[in-house]
Amino acid sequence: MMDFSPSPEQTELVERGRAFTKEFIGPNSMKYDRSGEFPRDICREAFNQGFMNPHVPAEYGGSPHSVLDHCMVLEEMATGCSGIATAIDANGLSQYPVILAGTDDQKRRFLAPMTEQLMFSAYAVTEPEAGSDVSRVKTSATKIGNDYVLNGIKWWITNGSVASWYFVLARVDDRPTGFIVPADSPGIIRGPKEINLGQHASNTVRVTFEDVKVSEKDRLGDEGDGFQIAMKTFDHTRPGVAAGANGITKAALNIALSYAKRRRTFDKKLISNQGISFKLAEMMTRLDAARYLTYKAAWLFDQGRDNAREAAEAKWFAADVAMNAAIECSQVLGGYGFTTEMPAEKLIRDAKIYQIYEGATEIQKMIIVAKLMRMREVH
Amino acid sequence: MFADVRRITARIAEKFKRRFYGRTFNCPVCHFEIAVVDAGKNRLLVCPVCGVVIDIEEVYGHAVPVVLEVELFRPQPKARVHPLATHVPIGLYPFAVLGAALLLVASMARPFVPELEPMLTRAPVLADATLVLLVLSVGLSVLTFASGLWDWNRRYRRRSYRQIRLKIAFSILFLLLGGAAIALHASGAVFSGGSGLVDLGSPLSVALAAVEFALLVAGMVVIATLGHVGGTLVYGK
């Protein structure tokens, strides 16, 4: 049996997310985009309303959502502003390695406090010379007694300057290993906020580790498990990234639709021109297709099944759909789509990153091909 | 430090603006910040600066303004009384505040700096000049207020704009604050007629001096806000 209708609980959750977005995120999106300020007040409201840390298990104080539920809410929030939605959601990327490979003690020390008060954490894996090719990370962890000493530079770290702890991937004798590193450890230097093309509300910084001591009890899994932990995390988070991209598509469609229904050209409504209305029809269809891929990838994860291919498909496709929708929205708005007073240009700037972070589009295609190569035939 | 002061001031101003204006959007033509609530039930409004007719709709909290028309015929007052009248109080008032501040500082410094004594013989003149400046700035602001109301009636056709509401409310507040400061100053209870200084031996005199100075500073904030909001109505953003 296949059922496409959301449950009453999912409907209620999505409606709450939508109301939150309309009240707090959408009206402030321009403000934070222009100032580049971290939206701490909105994160606090999200925390109070239970929208942050949705992955933390109940035994550590969380009220966990399924990945599918999370994707549905995240899509709503990204419709308001994907930068603010990223600030709210970025904890999940660093929490999941702990959920996946952490000991009970690590979960109590690092996850439980995040359910009690507003806190942030960051996933510190990317390096200047190692982006999509995570296996090239150079940050070293040298074992001295019961401690490890970390040295290296992490780059483009989301929530990097507001985090209380980092998930860090470093090499122990050439074996990538995961660590949880408290942000107040001596030797951690946080760089200034990067001025990126879009998602200005999201805090992205460089984090340098200079002789940072990490206790052995803060190592995640065994030495050499880090790469697997880092990659497995993406199976969990990529549907969420796709959902964020779907939020941009939904915003672009809604803005273009609202504009086209009211703007008049050649003595008729803009939407009455077939060239415009077909754009809207295409945007709607692509959004639905991207959503179904996203929900399928999320659902597979919730069922405990391998979703690597589906998550890669969803992330790649949703990102391309969002980019296209943002450009089409700007086209529907004409000259107004090119001004900074209208939300369309921001969508273009924000959409681009979805084709890059958490594995660029090309990496997603490599994952899909790798899966295809193991198949005799596609059913 | 100046950056911190500016940031804190900007945050207070932003909070106040949000409370008074509610949600806003920028006119896509002249960038003037318009309160969504000014659009009314039919979602239509005319930008007070550039005159475009805007249909405003909120989508997921994003304001999506659509320009439908341009209001071409917008009467300009023949004699531009308001723009001229508005600069007189704004120009005179800070000097009145400065005069009162100097008198206060001189009153407090007098026991500790005997070298000031020869200069303090001129204090009554400064006290009188301060009063004249106050009377001129607050008195002329009545003309500014009246001409502003006239412009609102003629040029803006009595349409409801948050900025104009704020200007009306703040103009009344300025008149009240200025009137109270004039009354205190003219009574001689703060700056005595003989010395022109505050009598530090009298607690009542000191308290009244503090009240007068607080009224003047509050008036300064109010008139500066009025000038800033008026400027946005002329130049847009």
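## Strand β1 of chain A

In strand β1 of chain A (residues 121-124), the side chains of S121(A) and Y123(A) point one way and those of A122(A) and A124(A) the other, and all are buried. The model described here is predicted.

β1(A) runs parallel to strand β4 of chain A (residues 165-172), and four bridges join them. A124(A) in this pairing stands opposite V168(A) of β4(A).

## Contact between chains A and B

Chain A gives 21 residues to the contact and chain B gives 13. On the chain A side, α1 (8-25), α4 (67-80) and α8 (226-262) each supply at least two residues. The largest share, six residues, comes from α8(A). By type, the chain A residues that touch chain B divide into eight nonpolar, eight polar and five charged.

## Nonpolar cores

The largest nonpolar core has 131 residues, and A252(A) and A322(A) have the most contacts inside it. Helix α10 of chain A (residues 308-333) supplies the largest share of this core, 15 residues. Leaving aside residues up to four places away in sequence, A252(A) touches M283(A), A325(A), A326(A), E328(A), C329(A) and L347(A).

In soluble globular proteins, nonpolar side chains tend to be buried together.

## Helix α9 of chain A

Helix α9 of chain A (residues 274-302) has 29 residues, which at 1.5 Å a residue should span 42 Å; the C-alpha atoms at its ends are 42 Å apart, so the two values agree. Just after α9(A), G304(A) takes a positive phi of about 75°.

Methods:
Residues are numbered from 1 along each chain as its sequence is written. Chains are lettered from A and ligands numbered from 1 in the order in which they are written. This is a predicted model: local features need pLDDT of at least 70, side-chain atom pairs count only at pLDDT 80 or more; totals for chains, interfaces and linings use all residues. A residue is buried if 20 or more other C-beta atoms lie within 10 Å of its own, exposed if 12 or fewer, and partly exposed in between; C-beta atoms are placed from the backbone. Two strands pair if DSSP finds at least two bridges between them. Two residues are in contact if their C-beta atoms, placed from the backbone, lie within 7 Å. Ala, Val, Leu, Ile, Met, Phe, Trp, Tyr, Cys and Pro count as nonpolar, Asp, Glu, Lys and Arg as charged, and the others, Gly among them, as polar. The expected span of a helix is 1.5 Å times one less than its number of residues. A nonpolar core is a set of buried Ala, Val, Leu, Ile, Met, Phe, Trp, Tyr and Cys residues joined through C-beta atoms within 7 Å.
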